[in-house]
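This briefing is to be read alongside the sequence and the three-dimensional model.

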Amino acid sequence: MLRRSATQSLVRLLGHWQDGPSPTPLWRQLTDALRLLILDGRLPLGTRLPGEREFASALGVSRTTIASALGQLRDEGYVQSKQGSGSTVTLSAEGYQRAPRMPTSPTLDMSTAALAAGAEIHQAYSHALAALPGYLNNTGYDQHGLPALREAIAQRYCARGLPTHADEIMLVNGAVSGLALILRYLTGPGDRVVVETPTYPLAISAIEGASCRPVALPMPDKGWDTDGLAAIIAQTAPRLAYLMPDFQNPTGQCMDSATRQIVADLSARTCTTLVVDETMVDLWYNAPPPPPLAAFNHDAPIVTVGSTGKSFWGGLRLGWIRASSRTIAALIQTRDTLDLGSPLLEQLATCWLLENEHHLLPERRRLLTARRDMCAALMREYFPQWKFVLPEGGLSFWVELPEMMATRFAARAEASAIHLGVGTRFGLAGSGERNLRIPFTLDDEILRRAFSTLQPIWATLAGQHGANKMRKII
């Protein structure tokens, strides 16, 4: 089934893709910007693009520019066109083979904020395999999750100041899977869901995938706009709000206790369900975050989502939902339409990791602190015009560029085999054109090599931008 890309929506996604007067032809600039959207997943496979005439009119360019850009994408294997049916985003096997390979292949991914597995992951699976025979005398289907692991997660919440029982925990296949299940249970087509902007791109995808309408709660430079949240709830009556109070992705901000109290009380007063994503909660560098948001008002309808992906390893693909036992029971029934439970081996491995977290996580935090500081030093060295705040937790910097240049910079970086996290991926309606998310999860040598490759690209782009501004002044 083909998705149709609304023309104005695509224009917003493209952002500020033009360099103005530039030695790079306009059609090539458009090609680079469209390719970036496809590689990012913001233009999913199967999306039907606007007709050439309509697209040209919306962008204010010639039809020849559109035709040339689409022709190049066809040659590279990113687009397929049929007479009378327009152009569709695709990556067939033949097209993939025709697609040009970057000169420094393989591509360096600087868009993903995650660490590779450490030695402890192999240990965890070894212990899980040793324990597995004791569980082979049953079917292995369990939509609630392994009791021992649910108890361990419940004890974690108790230690953080939120009394929790094992029957208030449900194991799922990662945080996004948990959010999708919650959306299926609590929302219907057309319901509004409040999201911080910027926010985690896959959360936006899950919300839109549930046929809900995301409503933006802009993030200030510091803290959360609680008055704005109250106004949005009053004006739009959202079905729920999705928040990341613990080292918010991508800004790295941590919600203080006073703000948590205000937000929890607002949830209780308006009966607005909050889905709280805690995937970054273990990754603090100066001090642990305040207690879970649900601890600040026990009458508030708050559903909490956690995950092993950032704390230990993304390949575990295991997460959990913490909610009232009544809500958990309803979610288990709803899960019948999605899957029959989480893999037992991963649950057993996570049991071992949680048993040993008190010496595993401090080492992980020390590693990430050192990489964060090195990344900050390198950005100051190579990109003194960039602005950023040293995050107190999480895995990345939220960088502010001097101008709206993120899409153009990322498109040029892609040609040098470096994939960047463009700010517009993290916002709604094309916001974030002045931002990049820069992870500090790569080792120092790789990061320095990436920045040394990016620096001349940035210098050229910034120089062209400055020259164009001078021409306009003159």
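Leaving aside neighbours within four places in sequence, L293 is in contact (heavy atoms within 4.5 Å) with P245, M255, R260, V263, A264, L274, V276 and I302. The model is predicted: local features need pLDDT of at least 70 and side-chain atom pairs count only at pLDDT 80 or more, while totals for chains, interfaces and linings use all residues. Residues are numbered from 1 along each chain as its sequence is written, and side-chain values use heavy atoms, with hydrogens and water left out.

**Nonpolar cores**

- A nonpolar core is a set of buried Ala, Val, Leu, Ile, Met, Phe, Trp, Tyr and Cys residues joined through side-chain atoms within 4.5 Å; buried means under 20% relative accessible area, exposed over 50%, and partly exposed in between (1.4 Å probe, protein chains only).
- The largest nonpolar core holds 47 residues, of which L149, I153, L274, L293, I302, F312 and L353 touch the most other members.
- Helix α13 (residues 344-355) supplies the largest share of this core, six residues.
- Another core, of 40 residues, lies apart from it and includes L115, L368, A406 and L420.
- In soluble globular proteins, nonpolar side chains tend to be buried together.

- Helices (H or I, at least four residues) and strands (E, at least two) are DSSP runs, numbered from the N terminus.
- The expected span of a helix is 1.5 Å times one less than its number of residues.
- The 12 residues of α13 should span 16 Å at 1.5 Å a residue, and its end C-alpha atoms are 17 Å apart, which agrees.
- Nine of the 12 residues of α13 are buried, namely E346, Q347, L348, A349, T350, C351, W352, L353 and L354.
- These buried residues pack against α6 (119-131), α7 (147-159), β6 and α14 (357-382).
- Helix α8 (residues 175-186) reaches 16 Å from its first C-alpha to its last, close to the 16 Å expected; A175, G178, L179, L181, I182, L183 and L186 are buried in α8.

**Seven-stranded sheet**

- Seven strands form an open sheet of mixed pairing in the order β6-β12-β11-β10-β9-β7-β8; two strands pair if DSSP finds at least two bridges between them.
- β6 (169-172) and β8 (213-218) are the edge strands, each pairing on one side only.
- Neighbouring strands of this sheet are turned by 25 degrees against each other on average, direction ignored.
- β6 pairs with β12 (residues 319-322) in the antiparallel sense over four bridges; I169 stands opposite R322, and the bridge partner of M170 is I321.
- β6 is covered on both faces, with I169 and L171 buried on one side and M170 and V172 buried on the other.

**Four-stranded sheet**

- A further open sheet, also of mixed pairing, has the strand order β5-β14-β15-β13.
- Its edge strands are β5 (108-110) and β13 (396-400).
- β5 and β14 (residues 418-422) pair in the parallel sense over three bridges, with D109 opposite H419.
- α14 lies across β13 and β15 (435-439) and runs at about 25 degrees to β13, whereas helix α15 (residues 406-415) lies across β14 and β15 at about 160 degrees to β14.
- Axes are lines fitted to C-alpha atoms, for helices over the stretch in contact, and angles run from 0 to 180 degrees between N-to-C directions.

**Confidence**

- The protein chain has a mean pLDDT (the predictor's confidence in each residue, from 0 to 100) of 89, and 92% of its residues reach 70 or more.
- Over residues 94-105 the pLDDT is below 50, and this stretch has 18 contacts in the model beyond near neighbours in sequence.
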